[in-house]
Amino acid sequence: MTTTVPRPEAEFLADTATGLPIPGEPEFATPEETRRHRKQRLAAALRLFGKYGFGEGISGHISVRDPEHPDRFWVNPFGVSFKRVRVADLICVDSTGRVVEGRYRVNPSAFVIHSQIHELQPGATAAAHGHTAHSRALGALGRLLEPIDQEACAFYGRQVLYDEYEGPSVSLAQGRDIAEKLGDNRAILLRHHGLITVGGSLDEAVHWFFTYDSCAQVQLLAHAAGTPKAFSHEQALAAGAGFGDSQLGWFSFQLLWDEIVAEQPDLLEE
């Protein structure tokens, strides 16, 4: 008579929520080291926005909270192309809109939107905003992402449509309203405007932006071709648990980081 011994978890699966061999985020001994790391990631993210065509004139901005001063954030400078930004060009802005570090001015829209997100959403270490073609098209339809593929499920129950429009976002009241409507969601699609994604790290927030925009493209293509079949609620939750994992979001950006630093190493100039 043979005895069947229960098999342990498959050996090829890692001890993470997704089962993938994902490393943890780096830890730093000082705020200065953390700040340098975040600024490097921010400059890389901006170059990636430029490379993938997310620029629209002076519009679009990405911010990351300062690790030492929670009421301050680092953001791209006004009037500098995404394709040209370096670490040396980044500016640090306080809660009043004053540039406390850096030689450039701040985009008023960047200040009113990002300052309010960082104030009202303590879990949002970073926020990414752009006026991409796919997000603008989806917003014009007033439709959020539908669970029609795995990646879109990263936003299942984690997105909201902002339906108000009062012109360019240059008032603190409008920025606060956007931040309040965002709540603890991962993305807010601004009708007639663009997209904002947030995350517990800059890496995560930017990955969600890339994913949301590509999912918007898939949805637009699918509806143009026919009637796509959506996941069931249970399927969407299962897919979201994997593709919407925060650690996976953080790690996915590392591939983009490696890509852009190899291609454009000047972005790290301080």
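Two strands are said to pair if DSSP finds at least two bridges between them. In this predicted model, strand β2 (residues 73-75) meets that condition with strand β3 (residues 91-93), the two being joined in the antiparallel sense over 3 bridges. Within this stretch, Trp-74 of the chain stands opposite Cys-92 in β3.

**The sheet**

Strands β2 and β3 belong to an open sheet of 8 strands, arranged in the order β4-β3-β2-β1-β5-β8-β7-β6 with mixed pairing. At its edges lie β4 (99-101) and β6 (159-162), each of which pairs on one side only. From one strand to the next, the twist averages 25°. Helix α5 lies across β1 (61-65), β5 (126-130), β6, β7 (187-190) and β8 (194-199), and runs at about 145° to β8.

**The nonpolar cores**

The largest nonpolar core contains 42 residues, of which Leu-42, Phe-49, Ile-62, Leu-202, Val-206, Tyr-212 and Phe-253 touch the most other members. At least two residues of this core come from each of α1, β1, β5, β7, α5 and α7 (246-263). Helix α5 supplies the largest share, 9 residues. A second, separate core of 20 residues includes Phe-73, Ile-91, Ala-110 and Ile-117.

The surroundings of Leu-202 can be described in detail. Leaving aside residues up to four places away in sequence, Leu-202 touches Arg-41, Leu-42, Ala-45, Ile-62, Ser-63, Val-64, Ala-126 and Phe-253.

**Aromatic rings**

The structure holds 10 aromatic pairs. In one of them, the ring centres of Phe-49 and Phe-209 are 4.8 Å apart and the planes stand at 40°, so the pair is tilted. This pair links distant parts of the chain, with Phe-49 in helix α1 (residues 31-51) and Phe-209 in helix α5 (residues 202-225), 160 residues apart. Phe-49 has a relative accessible area of 0% and is therefore buried. Phe-209 is likewise buried, with a relative accessible area of 0%. Phe-49 and Phe-209 also belong to one aromatic cluster, together with Tyr-52, Phe-54, Phe-82 and Phe-210.

**Charges over rings**

Two arginine residues are placed over tryptophan rings, as listed below.

| Arginine | Ring | Distance from the ring centre |
|---|---|---|
| Arg-41 | Trp-257 | 3.8 Å |
| Arg-186 | Trp-208 | 4.0 Å |

Arg-41 lies over the face of Trp-257, and Arg-41 is also among the residues touched by Leu-202. In the other case, the charged end of Arg-186 sits over the ring of Trp-208.

Definitions and conventions. Residues are numbered from 1 along each chain as its sequence is written. This is a predicted model: local features need pLDDT of at least 70, side-chain atom pairs count only at pLDDT 80 or more; totals for chains, interfaces and linings use all residues. Side-chain values use heavy atoms; hydrogens and water are left out. Rings of Phe, Tyr and Trp (its six-membered ring) pair if their centres lie within 6.5 Å; planes under 30 degrees apart count as stacked, over 60 as edge-to-face and the rest as tilted. Helices (H or I, at least four residues) and strands (E, at least two) are DSSP runs, numbered from the N terminus. Buried means under 20% relative accessible area, exposed over 50%, partly exposed in between (1.4 Å probe, protein chains only). A charge sits over a ring if NZ of Lys or CZ of Arg is within 6 Å of the ring centre and within 35 degrees of the ring normal. Axes are lines fitted to C-alpha atoms, for helices over the stretch in contact, and angles run from 0 to 180 degrees between N-to-C directions. Contact means heavy atoms within 4.5 Å. A nonpolar core is a set of buried Ala, Val, Leu, Ile, Met, Phe, Trp, Tyr and Cys residues joined through side-chain atoms within 4.5 Å.
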